[in-house]
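User: I want to learn how to read the features of a model like this one. Please take me through them in turn.

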Amino acid sequence: MPDLLRITLFTLGVATLATLLILPGGVALGWLLARRQWRGKVIVETLVALPLVVPPVATGLVLLKLFGRRGPLGVFCERVLGLEIVFTWKAVVLATAVMALPLLVRAARVAFEEVPPRFEQVARTLGAGPWRAFFTITLPLARRGLLAGVVLAFARALGEFGATIMLAGYIPGETITLALDIYHQVQLGHDAAAGGLLAVSVGLAFGALALSEWLLRRKQP
Amino acid sequence: MNLLLEDVVVAAGDHPLHFNAHFTGPSTGLFGPSGAGKTTLIELVAGLRRPERGRIVLDDVVFCDVARGWHLPPEHRRLGYVPQDGALFPHLSVEGNLRYGARPAARAGQLALSHVCALLGLETLRARPVATLSGGEQQRVAIGRALLAAPRLLLFDEPLTSLDASRKETLLPYLRRVRDALRVPLLYVSHAPAEVQALCDELAVLADGRIAQLGPTTEVFRRPADAAVARIVGVETVHPARLREFVGALAAVQVGPTRLLGLADQLPAGTDEVMVSIRADDVMVVKSATPPPASARNRLPAVVRDITCEGAGRRVELDVGFPLAARLTPQAVAELELAVGSPVYALVKVSAVHLMPGTLPS
């Protein structure tokens, strides 16, 4: 069934891209929230957490207003970057990325908070600049929590539905992910097709969790 | 060492700490009760904390000058910092920890990894993960890691505090070796008199967020600057007194109903209210009904009020018109048949009666 394979690969690709897209910023934001006091911290915290509590469809609607043809960011992307986003595969990446970001940021924040600042301070006195201290001390010590966050974000991106359907729609060959197609097939009464998609979804989720378990267990100090 | 703290002010808790000192070492102890600001001072020197005001200079390097907006980041200060718990990096092996800040041996003055390992007895530990080390071993690795960074100054923040008594005994010789073999200046935080007496040439006593006294270690213990310092360095008897007269080079003071003679050169002119401090080790006890013949100028009739065990010795609380503590051996207590209520004489040499200006600290 080439359709099922294509949709599966597309979903995996989109989820991977979305996770990679939010990884640097999400980790940096988690670190800033864990280690620094700054103006507007509470506002940023709330904004990042919002997609967790607002219905995904509502988040999708906000994104649609922002990135649509007449939305401020949509105009920016089209005129300056030459990117058309809504109702393309890029919209799927954007929607899943926004929905996955809070999970990554939260996990990163907790992971960094659990690393005592003492270790970084000692590294600094031993001649390490802030960046070396971060990459050789903080990051390795926080890696388990970060990894859990990445897997969680990836899993969220795999299964995102509400925001994606708002921003990307159901466009064959362009925006169809496993989650979107399950809904579509059920609507059409194609229960067997939906069952196949369901099995793949469960398999992917299982694989992601198993991979993270394996990574966490490996090289445990 | 030539470490200058000039008018350094930093907020810690509700009251600001204010440091003014010139440490010359070569090994300087920072001594004081917890909360006096010892760790804060170390962190200021290390650059882990920024003062609100003041300058910090080591030799010819300005670490910090708030007025000019200058703050040298910790990684450029070339210090060896050993915090209380060692803070070994848990994801690295012993070797990984040792090598983390290691500078090329040439620049470090032949301070090679193997040399440091031999000095601290780490040869057999090098491949071990740090989680498997005992507390004393962890501290030794932390010290080695600091040494390999070829520091201009070592900062030790109570490196023995987290260890039990027997491990302290085994680690202390290593610290002495580091001090003597490598001649790296040392700033050593502690609240244990035995440690600073064993390791430090110079001692700064911290009290209430300032440096209450700075001087040679033996001098600070023998001649505390004021009653607060006397209490902190553990002088057993500290009592207010009134200056009565000068008898040649001696000063006569009245402590309650009792007249004591002390050396007068310790007092600035015009002092009236003074504090007397007498170490329990400097008090002799004689069983006698009349003033015994002795060279000691202070022969005070006394009554034993209490006898308590203090380590291997006995602390005898005497009433000589004011409470006076004496430290005796158990043998002496037995031989003199001392018991609560025994009438005795307390003998104190003039030089053991230390007179300080000032009144009782509140």
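Analyst: Start with strand pairing. Two strands pair if DSSP finds at least two bridges between them. Helices (H or I, at least four residues) and strands (E, at least two) are DSSP runs, numbered from the N terminus. This is a predicted model, where local features need pLDDT of at least 70 and side-chain atom pairs count only at pLDDT 80 or more, while totals for chains, interfaces and linings use all residues. Residues are numbered from 1 along each chain as its sequence is written, and chains are lettered from A and ligands numbered from 1 in the order in which they are written.

User: In which sense do strand β5 (residues 61-65) of chain B and β6(B) pair, and over how many bridges?

Analyst: Strands of a sheet pair through backbone hydrogen bonds, either parallel or antiparallel. Here β5(B) and β6(B) pair in the antiparallel sense, over 2 bridges. Across from Cys64(B) stands His71(B) in β6(B).

User: What is the strand order in the open sheet of chain B?

Analyst: The order is β2-β1-β4-β5-β6, which makes 5 strands with antiparallel pairing.

User: Which strands stand at the edges?

Analyst: β2 (15-23) and β6 (70-71) of chain B do. Each has a single partner strand, so one side of each lacks a neighbour in the sheet.

User: Where does α5(B) bend?

Analyst: The bend at a residue is the angle between axes fitted to the seven residues ending there and the seven starting there. In α5(B) the bend is about 25° at Leu171(B), and the proline Pro173(B) follows within four residues. Just after the helix, Arg183(B) has a positive phi of about 50°.

User: Which residues of α5(B) are buried?

Analyst: A residue is buried if 20 or more other C-beta atoms lie within 10 Å of its own, exposed if 12 or fewer, and partly exposed in between; C-beta atoms are placed from the backbone. In α5(B), Leu171(B), Leu175(B), Val178(B) and Arg179(B) are buried. An α-helix has 3.6 residues a turn, so residues three or four places apart point the same way. The cover over the buried residues of α5(B) includes β3 (27-31), α3 (113-120), α4 (135-148), β9 (186-190) and α6 (193-199) of chain B.

User: Where is the kink in helix α2 (residues 41-53) of chain A?

Analyst: It lies at Leu47(A), is about 25°, and comes shortly before the proline Pro51(A).

User: Is Lys90(A) buried or exposed?

Analyst: Lys90(A) is buried, because 20 other C-beta atoms lie within 10 Å. Its place is in helix α5 of chain A. Two residues are in contact if their C-beta atoms, placed from the backbone, lie within 7 Å. Leaving aside neighbours within four places in sequence, Lys90(A) contacts Leu83(A) and Ile85(A). For contrast, take Arg99(B), in helix α2 (residues 94-100) of chain B. Arg99(B) counts as partly exposed, because it has 14 C-beta neighbours inside 10 Å.

User: Which residues touch the most other members of the largest nonpolar core?

Analyst: A nonpolar core is a set of buried Ala, Val, Leu, Ile, Met, Phe, Trp, Tyr and Cys residues joined through C-beta atoms within 7 Å. The largest has 167 residues, and Leu155(B) and Ala346(B) touch the most other members. Helix α5 (residues 89-113) of chain A gives this core its largest share, 17 residues. Not counting residues up to four places away in sequence, Ala346(B) touches several residues, among them Val283(B), Leu300(B) and Leu318(B).

User: How many residues does each chain bring to the contact?

Analyst: Chain B brings 17 residues and chain A brings 15 residues. The side of chain B that touches chain A has 13 nonpolar, 2 polar and 2 charged residues. Ala, Val, Leu, Ile, Met, Phe, Trp, Tyr, Cys and Pro count as nonpolar, Asp, Glu, Lys and Arg as charged, and the others, Gly among them, as polar.

User: What helices and strands does each chain have?

Analyst: Chain A has 10 helices and 0 strands. Chain B has 9 helices and 21 strands. Of the 221 residues of chain A, 40% are buried; in chain B it is 43% of 362 residues.
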